[in-house]
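Colleague: Could you take a close look at the inside of this protein and tell me what is packed there, and which charged pairs go with it? I would like one connected account.

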Amino acid sequence: MTEQEIAGLSPAFAAYLGRYRGCFLQKRTMGHFDTYCRGLLSDLPRKSVEPIALEAGTAVRTLQEFLVTARWDHEQARDQLQQNLAAAVGAVRADELGTIGVIDETSCQKWGDHTPGVQRQYLGCVGKVDNGIVTVHVAVAKGRFQALLDADLYLPKVWDEDRARCEAAGIPAHVRYRPKWHIALDELIRLERNGLTFDWLVFDEGYGAAVPFLWILNLVEQRFVAEVPVNFVVRARVGGKVQRANERLTVADAKAGQRYRLAHRTVPDSVWRASSATVWVAGRQHVLIVAINEATAEVKYFLTNATGASVAHVLKVAFRRWTVEHAFRLGKQEAGLMHYEGRNYTGLMRHLILALLVLGFVATHTERLRGEKSKAHGGTSVPGPEPSMRDRVSPSSRHFGETAHEQSHLLPPEAKRAGDEISQEAAA
């Protein structure tokens, strides 16, 4: 966005914030809401309470109280945001993939042991086990539109088992440890209540390994494409022998498979070979796909319950997962998504919701500004259309790479897991 476009959005941003006045009992609290949201949308390098307050000429303690103790309904604000985004998504012209929900998590390093949920755990932001917090999210992609829809804190078991520590951090008694897939499921239920449903869900192997999650999605007839680990257990037929995914379909099968070219907007096309097989998981028929990147030799396994969809279509859906990775980068860099520096659960949740609210404004107005641009423009700060997948391409004599190069991945390193194998029991 140019400076002129940002300045021109000021009245629109004021009107946007005005939609949330019903969440506040006092005009003064609404004023602090305006201040905080404008701080999140500003160019401050760090968007936590203190720098926002100092920049706005407000007492730091006043904004701290706004986040932690002031009487306003942040859950109502989240519901209002989701209802607004449901309307925005409904107004977007769909492409061939329809409306795609993307489930993923992000993380942030934290030093010390007082931030709610902090502990040594795998952090995608640094690609290793470190001290920090993890939050679970659902995003949406439809045509060129994309937005983060929800956020919730992952509370580790060690926190749940120490209720005195939870009480000191302001964590309510009803907030307990839940597997990450369970948090995502609760978010999906909330989104449906607020008018958001999806033609497809996509998620990585951390969620794909959770068979109870897949069983529930099948039960409600929700189509999905799940990335699964190589040791994911499948059967070739009902009652058949148990096999790992990489036994049912090998890397050799992928190399011998059909070629598919993925066109990307800002990097060269990538070419994947893929093969598929029918498998049974939790008593239901699915399709397992193995795909290998010709340039990097990266191998991915996908599972889908959309047994009638073509491999080309399933891969198009699967690689829309880049949407949430971009949303995380935008949220962290432009809206201070993980900049919370307090020790209180309510303050953390309110900060996350306000960051989502600001990002919702960016998403909806980026969509409008896109429509006003000529094709000569490079686009706004939010990327343009989802990279499309061209249909099958003719075979090539190009050799497979011997090693995978991190910078060549369609998804950034943050999306990578600590290992290729995930226990289905642990995921559940």
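Modeller: In this predicted model, the largest nonpolar core has 126 residues, and F33, F203 and F213 are those with the most contacts inside it. Helix α16, residues 345-372, gives the most to this core, contributing 13 residues. Take F33 as an example: leaving aside neighbours within four places in sequence, F33 is in contact with L17, Y20, F24, F66, L354 and L357.

Charged side chains come next. The count of salt bridges is 17. One of them joins E294 and R259, with the closest N and O atoms 2.8 Å apart. Buried means under 20% relative accessible area. E294 has 1% relative accessibility and therefore counts as buried; R259, with a relative accessible area of 5%, is buried as well.

K300 and E298 also meet through their side chains, in a salt bridge of 3.5 Å, N to O. K300 is buried because its relative accessible area is 8%, and E298 is buried with a value of 8%.

D160 belongs to helix α7 (residues 157-160) and R176 to the loop between α8 (163-168) and α9 (180-193), so the pair links distant parts of the chain, 16 residues apart. D160 is buried, at 13% relative accessible area, whereas R176 is partly exposed, at 41% relative accessibility.

W215, L219 and V220 make a nonpolar surface patch of about 340 Å². V220 is found in the loop between α11 (211-219) and β6 (224-228), and V220 counts as exposed because its relative accessibility is 54%.

Confidence should be read alongside all this. The protein chain averages a pLDDT of 87, and 83% of the residues score at least 70. Over residues 373-419, however, the pLDDT is below 50; in the model this stretch has 108 contacts beyond near neighbours in sequence.

How values were computed:
Residues are numbered from 1 along each chain as its sequence is written. This is a predicted model: local features need pLDDT of at least 70, side-chain atom pairs count only at pLDDT 80 or more; totals for chains, interfaces and linings use all residues. Side-chain values use heavy atoms; hydrogens and water are left out. Patches are made of residues with over 30% relative accessible area and no salt bridge: like charges are joined within 9 Å, nonpolar side chains (Val, Leu, Ile, Met, Phe, Trp, Tyr) within 5 Å. Accessible areas come from the Shrake-Rupley method with a 1.4 Å probe; for residues, only the protein chains shown count as cover. A salt bridge is a side-chain nitrogen of Lys or Arg within 4 Å of a carboxyl oxygen of Asp or Glu. Helices (H or I, at least four residues) and strands (E, at least two) are DSSP runs, numbered from the N terminus. Buried means under 20% relative accessible area, exposed over 50%, partly exposed in between (1.4 Å probe, protein chains only). A nonpolar core is a set of buried Ala, Val, Leu, Ile, Met, Phe, Trp, Tyr and Cys residues joined through side-chain atoms within 4.5 Å. Contact means heavy atoms within 4.5 Å. pLDDT is the predictor's confidence in each residue, from 0 to 100.
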